Amino acid sequence: MSFKVAAKAQDDLQVDLASRRIVLEDKGIAPVAYELPFPVDPERCVVRFRPGRQLLTISLKPVSGCEASPASGSLESLLREGGPRGGSNPAPPLSVSSDLMSRSLAQEVRRALCNFPREAWQLATTRNQPRCQGAADISMRFHRLLRQHPGVQSLKNRVEKALNEVLLPRRHECILVNFSKYELGDFLGSHPDIPSGSASYERRQAFVWHLSDGWSEDDGGLFIDEEAAVPQALIPEFNALVTFPVPRWHAVSKVKAAREGDQARFAAYGWVVVPRVERLKSQTELLELLEHKGGTSLAVAILWVEEPLQSQDEDVVLNFASLAMSEVGKHTLGELCTFAITSQQDIARLWGIPESRNPQAALGVFSDPVGAAKDFVRRGLSSGSVAGGQVFSHLSEEQRSKKGLRDLIDSARKIFCPCQELNPFDELLMDDLHHSAEVKVFVFIPFRDRVDHIISRFNAWALAVQPRLRLFFAEPSDTGSVMADFGLTTEDAPTAVAYDTLGSLGHSRLKDFASGGQPTLDMDVMKQRLGCLAEAAG
């Protein structure tokens, strides 16, 4: 077994052969752990560091007589193979195919890319590139098609569908597509496509679908495969699909010809990605995960299943894993909630699940991971509520479906009580609020006016109306942009707005005036109004 990881120094790597883990550490960055699928012979472990590339190559050999592949019916084999549709073999080496994708579709996509106006393309440079945790900066200059521009999402959907039929991702994987345009002087420096920079997935296979017309070697803009025995420079021929496993070092040479506008170098590029699902092998790892994620303000969802897996359990595992990549606006559920899976009986006992010969699955969702960890340590858990979360110990057939699991996770991953503070600068939170089913109630009241009896009453109401309503406190001086969306100013505070983003209730406002003509909140009226909203929300 051999693989590569990005690193700044060889000392960053710790190989713990006893626990079959490789841990990469870097100052200021959370450690990244790699699980090994077999016992390793210490005398046959070779680590090579390439300072110029900031790359560690680790070569490992199993102890004689040990299988390198996980046992059939195990979680490891399922998440590696992805069920009946997938295969256990790794992604093939770099390949170039000119007839896998429909030529007529390639022509349609190229015409669409040529017709997008210049403002639809964002210039990506070394300075403004997205910053991926643990990754070195990449020297670059090229244009990316903006996702939010009209017509881009429908084009991406068509290309993703076509690539799915060719690349055949495993059942729990998905394909991410972007579009690029290279003009005179544009280029992309050497890089291995890792890390992904996402909390919700890892990249398994990369692809580039070339959509350039009449390109020649003299034009530049060549795809450079730097890991071939002799580095290869591939001309971006029309409708050629280049695929390769990740990580693999590659680059795009500088465009030397005056190829601009509809004569530019166009491509669809992206990755087959694997949802990031952590594997828990003991109660200790469960508690460590909960305590660690508590500091990140992320919820934690953990699926427990018995091994060896039965067919119905394989389905629930793959449904659960795939949810990490499900969309929440511009983000994914895996960015809002850490996903983990386990088959450990000691975790089942901690959750109050008795040992049984009947295959079953359970789901634990923890909106307050630290609180849940403390509760587990203090008293253990019988099926049902736990401080900071919820355990669903007997999943029905409906709950085992992708939609059923998503509904359970969404109902339990959010903190409803005490009322949370609205932060309009938290892009992830705001995207989640705009795409969540519950009615949001924003209570615009300055910190100085939040006396104890007001806070306690709102918290009590939040507890009573969950999960149909979700209440937020909002400091008017910090949330002026949100107030403006509802036609309000800071002078209108204290006031409250109910907002049903996905339902039919729209938004409504509660604003009262005291006898002196100043805005105020009538708490009795507020209680009545919240009750009516909760009833209307069902």
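A residue is taken as buried under 20% relative accessible area, as exposed over 50% and as partly exposed in between, with a 1.4 Å probe and protein chains only. The structure is a predicted model, in which local features need pLDDT of at least 70 and side-chain atom pairs count only at pLDDT 80 or more, while totals for chains, interfaces and linings use all residues. Residues are numbered from 1 along each chain as its sequence is written, and side-chain values use heavy atoms, with hydrogens and water left out.

Of the 538 residues in the protein, 49% are buried. The secondary structure comprises 13 helices and 32 strands, where helices (H or I, at least four residues) and strands (E, at least two) are DSSP runs numbered from the N terminus. With contact defined as heavy atoms within 4.5 Å, 74% of the contacts between residues at least 6 apart in sequence join residues at least 24 apart.

Two helix pairs were examined. Axes are lines fitted to C-alpha atoms, for helices over the stretch in contact, and angles run from 0 to 180 degrees between N-to-C directions. Angles under 35 degrees count as roughly parallel, over 145 as roughly antiparallel, 65 to 115 as roughly perpendicular and the rest as oblique. Helix 2 (residues 103–115) packs against helix 3 (residues 152–167) at an angle of about 155°, the axes being 11 Å apart. Helix 2 is therefore roughly antiparallel to helix 3. The crossing of helix 2 and helix 3 is left-handed; a crossing has this hand if the near helix is turned anticlockwise from the far one by less than a right angle, and is right-handed if clockwise. Helix 2 contributes Leu105, Glu108, Val109, Ala112 and Leu113 to the contact, and helix 3 contributes Leu155, Arg158, Val159 and Ala162. These residues divide into 7 nonpolar, no polar and 2 charged, where Ala, Val, Leu, Ile, Met, Phe, Trp, Tyr, Cys and Pro count as nonpolar, Asp, Glu, Lys and Arg as charged, and the others, Gly among them, as polar.

For helix 5 (residues 311–322) and helix 9 (residues 402–412), the packing angle is about 55° and the axes are 9 Å apart. Helix 5 is therefore oblique to helix 9, and the two helices pass in a right-handed crossing. Val316, Asn319, Phe320 and Ser322 of helix 5 meet Lys402, Leu405 and Ile409 of helix 9. The residues of this contact comprise 4 nonpolar, 2 polar and 1 charged.

Histidine 331, in strand 21 (residues 331–332), is buried because its relative accessibility is 12%. Its side chain forms a polar contact of 3.3 Å with the side chain of glutamate 335. Such a contact is a pair of N or O atoms within 3.5 Å; within protein, one must be able to donate a hydrogen and the other to accept it, and residues adjacent in sequence count only if both atoms are side-chain atoms. Residues up to four places away in sequence aside, histidine 331 touches Ser326, Glu427, Leu428 and Asp431.

Several loops hold backbone exceptions. Most residues other than glycine have a negative phi, and most peptide bonds are trans. Asparagine 239, in the loop between strand 14 (232–234) and strand 15 (241–245), has a positive phi of about 70° and is buried, with a relative accessible area of 2%. Aspartate 193 has a positive phi near 70° and is buried at 8% relative accessibility. A cis peptide bond joins glutamine 466 and proline 467, with omega about -5°.
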